[in-house]
Amino acid sequence: MSNVETGPVAARPATEAIAPSGPRVEVLTPRDVPLGGPRAMTVRRTLPQRSRTLIGAWCFADHYGPDDVADTGGMVVAPHPHTGLQTVSWLFSGEIEHRDSLGSHAYVRPGELNLMTGGHGIAHSEVSTPGTTVLHGVQLWVALPEAHRATHRDFRHYAPEPVHADGAEIRVFLGSLAGSTSPVPTFTPLLGAEIVLDPHATLTLAVDPDFEHGVLVDRGDVRVAGTLLAPADLGYLHPGPGTLTLHNTSDAPARTVLLGGTPFEEEIVMWWNFIGRSHDDIARARADWESASDRFGAVDGYPGDRLPAPALPHATLTPRRNPPRA
């Protein structure tokens with residue numbers, strides 16, 4: 001998915017709660033971002049924010065739907081570039097056709113991971129299929145560490161088997177959780193999992209105490225370490241605890257996406273669809289895309305033009321990182 005925001009991240013203060021006998025939970029609320037066009041899809045963006053740039057190496061989280069494709073027109077994103085990151089596509093309903101300049105032609109379906117590595121440069125398109133009536137899911141980005149941010153293009157597909165535990169169904173698409181391990185390699189320690197909780201179920205998970213975690217609520221009202229999160233909220237937890245408890249307070253099933261990873265200590269510059277370390281990194285990537293250089297390659301099979309890059313801001317783009325922990 002292409003990022004249409006090119007200005008500074010909107011200030012949105014986070015709230016922080018401390019359960020009587022649990023860890024602090026920072027509640028990040030989303031902002032609505034239209035993807036463009038007269039019948040634009042609108043996504044709910046919880047990362048990045050001024051209060052938090054990353055959770056582990058997770059640096060971008062868009063949550064969308066359920067959208068009636070008859071009203072929105074679905075997803076039609078022309079070929080666009082990426083550098084310095086991986087895209088992680090995860091659907092709850094609908095289907096998206098993916099094409100990239102590596103030559104991959106694949107479909108994103110509910111419960112199946114599509115992970116694309118941009119590294120030095122890749123381009124791809126994303127189009128919801130004609131049979132899709134309701135589109136609903138998350139689009140996530142992972143920042144690549146300095147040692148690997150110019151790595152080669154790659155694409156992985158994985159359909160995790162569900163794990164059942166204490167009134168919950170868990171699908172682990174990256175990392176390890178609840179006895180399930182994804183075979184998809186990552187460049188930093190990461191966790192990504194969908195967790196569906198039965199009505200009023202309580203689930204306590206063993207988690208890596210070196211990880212920071214984020215719990216994105218898709219539906220239902222869920223207490224995370226004792227703090228209530230509403231749909232579209234993202235609850236952030238610092239490293240330290242070795243367990244994480246989720247409680248569905250709803251009369252219907254609740255769904256969450258659990259993200260985690262070791263703190264990403266590098267500063268990044270994120271602008272449009274690029275991640276670099278300096279303004280010059282971004283300007284060079286933009287120039288390479290606009291000149292149709294071999295850096296990004298070509299996407300075959302998309303019936304239309306590619307996306308042009310927006311103009312760079314007049315100000316110098318500055319690196320950002322998470323604020324120091326108090």
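Tutor: Start with pairing: two strands pair if DSSP finds at least two bridges between them. Strands are DSSP runs of E, at least two residues, numbered from the N terminus. This is a predicted model, where local features need pLDDT of at least 70, side-chain atom pairs count only at pLDDT 80 or more, and totals for chains, interfaces and linings use all residues. Residues are numbered from 1 along each chain as its sequence is written, and side-chain values use heavy atoms, without hydrogens and water.

Student: In what order do the strands of the open sheet of 4 stand?

Tutor: The order is β6-β11-β8-β9, with antiparallel pairing.

Student: Why is one side of β6 and of β9 left without a neighbour in the sheet?

Tutor: β6 (76-82) and β9 (105-108) are at the edges, so each has a single partner strand. Neighbouring strands here are turned by 20 degrees against each other on average, direction ignored; axes are lines fitted to C-alpha atoms.

Student: How many bridges link β6 and β11?

Tutor: β6 pairs with β11 (residues 122-128) over 5 bridges, antiparallel. Histidine 82 has isoleucine 122 of β11 as its bridge partner.

Student: Is β18 mostly covered or uncovered?

Tutor: Buried means under 20% relative accessible area (1.4 Å probe, protein chains only). In β18 (residues 190-197), 8 of 8 residues are buried. Leu190, Gly192, Glu194 and Val196 point one way, while Leu191, Ala193, Ile195 and Leu197 point the other.

Student: Which strands does β18 pair with?

Tutor: β15 (residues 168-174) joins β18 through 6 bridges, antiparallel. Isoleucine 170 has isoleucine 195 of β18 as its bridge partner. β25 (residues 254-261) also runs antiparallel to β18, with 8 bridges. There, leucine 191 stands opposite glycine 260.

Notes
Axes are lines fitted to C-alpha atoms, for helices over the stretch in contact, and angles run from 0 to 180 degrees between N-to-C directions. Buried means under 20% relative accessible area, exposed over 50%, partly exposed in between (1.4 Å probe, protein chains only).
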